[in-house]
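Hi,

Here is the structure I promised to pass on to you.

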Amino acid sequence: MKILLIKPTRLDENKQPIKYRKALLPPLPLAILDRLTPEQHQVKIVDDIVEDIDYSRSYDLVGISAMTVQAERAYQVADRFREIGVKVIMGGIHPSVLPHEAIKHADSVVIGEAEELWGQILADFENNSYKEFYQDTSRPGLQKSIIPKWDNVNMKIYVKQIGRKRPPIPIFTTRGCPFTCSYCTVTGIFGKTFRTKPISNVLDEIDNINNKNYLFADDNIAGDFDYSRELFKALIPKKISWLSQISTTVLKSPDLIDLAGKSGCELLLFGTESINKNSLKSVNKGFNNPEDYEELFARTRKAGIIPCPTIMFGFDEDSLDQFRLSIEFLEKNKLETAMFAILTPFPGTKVYREMKEAGRIMTYNWSMYDFGHVVFHPKNFTAHELKTHFWKTYRRLLSFKNMTKRLSYITSMSRRPWADFFKSLLYMFYNRINVYSYHQAISDGVIKVKNKKANQ
């Protein structure tokens, strides 16, 4: 079969696909499926964030993997292919949590993880005996070595760091999470226990890719302390650079932060979410202790790693003072960068279920579920106030005054002052351009381009 695998972009307010000159990260799920596809099939991968989709080509099967913010575009593309008689299968987080919605736009939907199912799915489509829904309820182990196939991904369309020949390559080492944060979909999709990939398989993957910089796509790179300790030690001889997400609980085993720095970690995205203890408790994240944040960030910097906290606004326990308190906290700690987000009730989460039952969801336009739009009725302020204060606070973080202060601090603290100065400067300007145009660029691309009406 001729198979097209698509990573969709998202739609703007006019239902047009948002396009960029460069995308941020190559699509790991599609590269994994490509590796698992038997050789008799022909595979093409398209990243819709930058590339155009050619509907005139003859395909036997189109596979689309979508997060919630990409769902509307995914449905648009799927409908277009089905109109011309091409079979479509959908998967990813959004189709997994709302499969009965997704099946209205597809011939088949994969619920959850697809690795153990993909071979059978392709055989079923070849024989025209495919099912509406496929689901592996066993939480497959990660012992099998699956090295993603990047041959069919156009690496030229992705952002590269200065001096690098290739973009950061995503790789994962674990799945699952024992925490039950009520705004997060991870536990529902990947389970409540950590599953770990053998470290030897991780190293084989790195050797096979032969890249210098990576994004570990784990939801918490230090979820299993013992595993992470051995992983970081094993990465040291590889002399790579990497970044990832991590929980504040790593402070219980601070040697991991030092090891991460020695293994090449350059930035850690901390799931701090709030400095309001009551807000944290309200979403089952009471294990975060804001009083520990200062020590956490100091230890991270000492290890040569840039700490990037996430700050989420709009919790039921928040007041408008939360915006001022948060920016003052960031300025006090001279944090190089931070990621702001508006609380978003994603389908599949407890927050979504509770807000839906209470009639608080304002819109089901999934393209607005991008952490930059208000899609629910807040409790202690209006939706307009939340949106206005969010962007005002984000702009203050990225004011020239604050950027200058942080760059000066980075240079004084860094072991590689010039390299870190220019890297941070580019990152800050990228964020500033997005924020000052009211654009939340999480998982998108760089430099928006005008829509071309043809072939969308």
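Below is what I found, going from the whole chain down to single residues.

First, some ground rules. This is a predicted model, so to speak of local features a pLDDT of at least 70 is needed, and side-chain atom pairs count only at pLDDT 80 or more, while totals for chains, interfaces and linings use all residues. Residues are numbered from 1 along each chain as its sequence is written, and side-chain values use heavy atoms, with hydrogens and water left out.

**The whole chain**

The chain holds 16 helices and 16 strands; these are DSSP runs numbered from the N terminus, with helices (H or I) of at least four residues and strands (E) of at least two. Its radius of gyration is 22 Å, close to the 23 Å from the globule rule for 456 residues, so the chain is as compact as a globular protein of that length. That radius is taken over C-alpha atoms, and the rule is 2.2 Å times the number of residues to the power 0.38. Along the principal axes, the C-alpha atoms fill a box of roughly 60 × 55 × 40 Å.

Of the 456 residues, 57% are buried. Here buried means under 20% relative accessible area, exposed means over 50%, and partly exposed is in between (1.4 Å probe, protein chains only).

**Helix H1**

Helix H1 (residues 28-36) has 7 of its 9 residues buried, so it is largely enclosed by the rest of the structure. The buried ones are Leu28, Leu30, Ala31, Ile32, Leu33, Asp34 and Leu36. They pack against strands E1 (2-7), E3 (42-47), E4 (61-65) and E8 (169-171), and against helix H5 (118-126).

**Asp107**

Asp107 sits in the loop between helix H4 (99-102) and strand E6 (108-111), and counts as buried because its relative accessibility is 14%. What does the side chain of Asp107 reach at 2.8 Å? It is the backbone nitrogen of Val88. The Asp107 side chain also makes a polar contact with the side chain of Arg82 (3.5 Å). A polar contact is a pair of N or O atoms within 3.5 Å; within protein, one must be able to donate a hydrogen and the other to accept it, and residues adjacent in sequence count only if both atoms are side-chain atoms.

Leaving aside residues up to four places away in sequence, Asp107 touches Arg82, Val86, Lys87, Val88, Tyr130, Lys131 and Glu132. Lys87 is 20 residues from Asp107 along the chain, yet their C-alpha atoms are 6.2 Å apart.

**Two positive phi values**

Asn210 has a phi near 55°, a positive value in a residue other than glycine. Asn210 lies in the loop between helix H7 (199-209) and strand E11 (213-216), and its 62% relative accessibility makes it exposed. Glu273, also not a glycine, has a positive phi of about 70°. Glu273 belongs to strand E13 (residues 265-273) and is buried, at 8% relative accessibility.

Best wishes

Technical notes
Contact means heavy atoms within 4.5 Å.
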